[in-house]
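Biologist: Show me how to read a model like this one. Take one feature at a time, please.
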Amino acid sequence: MNILVLEDDPLMAELLETVVLGLYPQARATLVHDLHAAEKAWAPDRFALLLCDWNLPEGSGLDFVRYVREADAEVPVVMISGRADRQSVLTAAKYQINGFITKPFQADLVHERLKKLLPVEEGAALNLEGPEAALEEALGGQVLLPTSLDPGEVLAMIQREDPISVSQLAERWRDDKSLVTRLLDVANGSAYRRSGEPVASLRDAIHILGVKMALNLGLSVALNHAHDLRDPRLQARARDINALSDALAREASRMARLLDYDRVACYTAGLLGRVGELAVFSVLQQYLDQGGTLADEDIDALSRQWAQSLGNRLKVQWRLPLELRELVGAIHSLPHGSSHQSRLLMRAASLLTSEGPETKEYLSLMRRIGLEPVQKQDEPDETGGGQGRPGDGST
């Protein structure tokens, strides 16, 4: 299913995309910011939904709705505007508008209105020819990660009389991979780079987006129940992956502090190092929800086969800075002849948390970066703890 979003504010367009793709994970959203681009993108029967801003710099969104209606009288159209007066609503009705969303809005209200307008089942259907087909289909769409974020908790923060600070929000959300990656994605959109430098930390992403917009994006992620894991086997595997990546993030941050490197970037890279497996689990959960069946050995084999492909797709989807991508890549392997200390650090931290302190490669890397290897009794546990090695992973 294809969806067109015409909105001149790129950040608002990203928020709408987050809400839409949470409802319809296999959809493809096209974001355009002016009438000319919208007319160029539009074709009859190409889009199943149009979200259209009323006020555009070069004219009215109603002009584009009129253009669409000349060829397609059936496609659902949702108008988005700061206007809330009765006359504006009546004017929109003349153009066969199916829904009307008034700015400023909260993600949960948009979520509910879209769900009524276009049933979730229509947008969420996966290819049931087999799990491989579902995973192949996911590569072309928006890959989602599991999240445990509570919509009620986010709503409470939105409604607080004393606004939560950037630092407080970053501390609260730092370990939710789905949320961290979505905020990094939006903040790294070209329209939001204030200095031309890429954004590599959750705190910087929230600072660029603003707390209010970050909370709305968080709410839209929290409402995306399509990628929650309900199958006990997937839940257990995801818990193991999360424990391992959390331990890796803390160890990488600890080592970066000792070497006076960027702790935040190393922590974030460690957190994202195993997202490919989590993405596989999300797709498999949707496959199971729609009637598919999987044996335990199928889950493990598909994870091994598809984790790298989906992980690479996520790096592109999230628009991660090149340096952060390279740190994530170093977790799994080092390019031949690599000598960059921060990448050696990430690989060493990965080996320590996944295989222990006695592997030859780990010991060799620790010599190269000039740190004492962790002794066996100090090996981090599944929560990233360990004697003499306090967690140090602020994002």
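Biologist: What does Gln341 count as, by its relative accessibility?

Modeller: Start with the classes: buried means under 20% relative accessible area, exposed over 50%, and partly exposed in between (1.4 Å probe, protein chains only). Gln341 has 25% relative accessibility, so it counts as partly exposed. This is a predicted model: local features need pLDDT of at least 70, side-chain atom pairs count only at pLDDT 80 or more, and totals for chains, interfaces and linings use all residues. Residues are numbered from 1 along each chain as its sequence is written, and side-chain values use heavy atoms, with hydrogens and water left out.

Biologist: Where is Gln341 found, and which residues does Gln341 touch?

Modeller: Helices (H or I, at least four residues) and strands (E, at least two) are DSSP runs, numbered from the N terminus. Gln341 belongs to helix H18, residues 341-355. Contact means heavy atoms within 4.5 Å. Leaving out residues up to four places away in sequence, Gln341 touches Tyr261, Arg368 and Ile369. Its C-alpha atom is 9.0 Å from that of Leu259, 82 residues apart along the chain.

Biologist: What share of the residues is buried?

Modeller: Of the 395 residues in the protein, 55% are buried. Asp53 is one case: its relative accessibility is 2%, so it counts as buried. Asp53 sits in strand E3, residues 49-53. Its contacts, not counting residues up to four places away in sequence, are Leu6, Glu7, Asp8, Gly61, Met79, Ile80, Ser81 and Lys103. Leu11 also counts as buried, at 11% relative accessibility. Leu11 lies in helix H1, residues 10-23.

Biologist: How many helices and strands does the protein have?

Modeller: The count is 19 helices and seven strands. For contacts between residues at least 6 apart in sequence, 71% join residues at least 24 apart.

Biologist: How do I read a pair of packed helices?

Modeller: Two packed helices are described by the angle between their axes and the distance between the axes. Axes are lines fitted to C-alpha atoms, for helices over the stretch in contact, and angles run from 0 to 180 degrees between N-to-C directions. Take helix H13 (residues 232-259) and helix H14 (residues 263-272): the angle is about 160°, and the axes are 7 Å apart. H13 and H14 are therefore roughly antiparallel. The classes are under 35 degrees for roughly parallel, over 145 for roughly antiparallel, 65 to 115 for roughly perpendicular and oblique for the rest.

Biologist: Which residues make the contact of H13 with H14?

Modeller: H13 supplies Ser245, Asp246, Leu248, Ala249, Arg250, Ala252, Ser253, Ala256 and Arg257, while H14 supplies Arg263, Cys266, Tyr267, Gly270 and Leu271. By class, they are seven nonpolar, three polar and four charged. Ala, Val, Leu, Ile, Met, Phe, Trp, Tyr, Cys and Pro count as nonpolar, Asp, Glu, Lys and Arg as charged, and the others, Gly among them, as polar.

Biologist: Where is Asp260 placed, and is Asp260 buried or exposed?

Modeller: Asp260 is in the loop between H13 and H14. With a relative accessible area of 69%, Asp260 is exposed. Its phi is near 60°, a positive value in a residue other than glycine.

Biologist: What is the angle between H7 and helix H15?

Modeller: H7 and helix H15 (residues 275-289) pack at about 125°, with axes 10 Å apart. H7 and H15 are therefore oblique to each other. In that contact, Pro131, Ala134, Leu135 and Ala138 of H7 meet Val280, Val283, Leu284 and Tyr287 of H15.
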